[in-house]
Amino acid sequence: MKTKKPVIKKSDEIYKRAKQIIPAGSQTFSKGVTQFVEGFAPKYLKRGKGAYVWDVDDNKYLDYIMGCHPLILGYADPDVNKAVVDQLKLGSTFSLMNELEVDVTELLIDAVPCAEAARFGKNGADATTVGVRIARAVTGRDHIAYCGYHGWHDWYIANTDLNSGIPEFNQKLAHSFAYNDIESLEKIFREYPDQVAVVIMEPLTIIEPKDSFLENVKKITHDNGALLMFDEIMTGFRFAFGGAQELTGVVPDLTSVAKAISNGIPLSAIVGKKEYMFSLEKTFFSFTYGGDCVGLAAAKACIPKLKREKVPDHLWRVGGVLKDGFNKLAEQHGLSDYVSCLGYPCRTIISFDGRGVYKPLEMKSYFQQELIRRGILWTAYHALSYSHKMEDIEFTLSCYDDVLGLFSDIVDKNEKLHPLIEGVPVKPVFRKVADFMSYTIKEKN
Ligand SMILES: Cc1ncc(COP(=O)(O)O)c(C=O)c1O
């Protein structure tokens, strides 16, 4: 296996400029230096094609981050790119409405079971936030029950560790419940009777719903007069063409979608039942780039391609080989207690357990470093795309085999991990946030 410590000279030069003038260095928390072994990993990418990216120093990687998931077809998909370029020649933002708004709404209604109407945003958080606003407007209630990650806005971030600058009243209005713990949702309804406007949740995450969890959530939500909103920004068009609601048969009142709908060109949408969606005739949701045609043109090319090429089936197929392959290798190396690949095949993540000896974040850093050395850009999860072909999965498994071999030697020799990390280990994502994140890192020491 070819290994190479990447030269990151240009990355470091750019970062030196950025550090002085860009607060936190990065526009997206999870793309910043804290999430990659600093001093070893590249910091800036300049180009992508299919499942591969090139950094500013011209190192090439097989990418498992895929822009934090939106690139479901792969970088620079020819059909999406053509649609975008053709649209740019016509214009991107106009002074009146554009037919694309209607075209893409029709595509979403065709795809997503609960969708009878749609409105567009740019970020996922636009869609989750307007969904919460719709529910508050419809029910006349202020409280929110949530489960999962839903974006950067006050109503959600208030209850995380990163809540400076957010008025405290928000903390009192949003209440988290745990996945597969129906009692934790019931408790919220008991504590805030007739006050909860919406239950917003990621319908499927890393673990499978048990004991008809989703069906029970829907029943309890409706029995208590609240709306059910699925945040399908991650699951939509990935777990199935119609998202988790198609796969599970549990259809909510509202749904947020983003990421996969436009293959990385910014676009999000709130979709749902007409009786709720049309409250937007009186509830304000309007901004200059709301009907921007670049994202819409991308979605108009992307959504039919996802259906035509049966992209979710592809993700399940290659993802299944990757998941089973990893877990088999872990077993062969005697490391099943330390590492495992969890989740639905179309969205998996490597979980680390230090067994009281190793810090899980150091394990993650070591694996990241050694995968980068072998040409894989990785931060524990596998954001698969249509461009990840079987040969890429086989290559990935051979890299995992190598790295697991190295790690098993470390375990056998009782070696310390920290001195083997050739830079600053990765830092935690935020704590006290989405439950699913705790599945990736089992803090034992
Ligand atoms: C499930 C879910 N909801 C909401 C968001 C927020 O989307 P955005 O970062 O585009 O605002 C994300 C982003 O990762 C997400 O995964």
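**Cores, an enclosed strand and the ligand site**

Among the 110 residues of the largest nonpolar core, Leu108, Phe237, Tyr400 and Phe407 touch the most other members. A nonpolar core here is a set of buried Ala, Val, Leu, Ile, Met, Phe, Trp, Tyr and Cys residues joined through side-chain atoms within 4.5 Å; buried means under 20% relative accessible area, with a 1.4 Å probe and protein chains only. Helix α11 (residues 293-308) supplies the largest share of this core, ten residues. Because domain 1 (9-63 + 311-442) and domain 2 (79-308) both give residues to this core, it lies between them; the domain bounds come from an automatic or database domain assignment. The model is a predicted one, in which local features need pLDDT of at least 70, side-chain atom pairs count only at pLDDT 80 or more, and totals for chains, interfaces and linings use all residues. Residues are numbered from 1 along each chain as its sequence is written, and side-chain values use heavy atoms, with hydrogens and water left out.

Leu108 gives a handy view of the packing. Leaving aside residues up to four places away in sequence, Leu108 touches Ala115, Ala118, Phe120, Phe237, Val257, Ile261, Ala269, Val271 and Ile303, where contact means heavy atoms within 4.5 Å. A second, separate core has 24 residues, among them Ile157, Ile166, Met277 and Phe285.

Strand β12 (residues 347-353) is largely enclosed by the rest of the structure, because seven of its seven residues are buried. Helices (H or I, at least four residues) and strands (E, at least two) are DSSP runs, numbered from the N terminus. In a regular strand, side chains alternate between the two faces of the sheet. Both faces of β12 are covered, with Arg347, Ile349, Ser351 and Asp353 buried on one side and Thr348, Ile350 and Phe352 buried on the other. Strand β11 (residues 339-344) pairs with β12 in the antiparallel sense over six bridges, pairing requiring at least two DSSP bridges between the strands. A hairpin of two residues joins β11 to β12. Strand β14 (residues 381-382) also pairs with β12, in the antiparallel sense and over two bridges. Ile349 is the bridge partner of Leu342, and Tyr381 in β14 is the bridge partner of Ile349.

Turning to the ligand, the surrounding residues include Asn123, Tyr149, His150, Glu202, Asp231 and Met234, a residue being near when one of its heavy atoms lies within 4 Å. A backbone N or O atom of Gly124 lies 2.8 Å from a ligand oxygen atom, and a backbone N or O atom of Ala125 lies 2.8 Å from an oxygen atom of the ligand. Lys259 places a polar side-chain atom 2.9 Å from an oxygen atom of the ligand.

Note on methods. Buried < 20%, exposed > 50% of the residue type's maximum accessible area, 1.4 Å probe, protein only. Polar contact = N/O pair within 3.5 Å; in protein donor to acceptor, adjacent residues only side chain to side chain.
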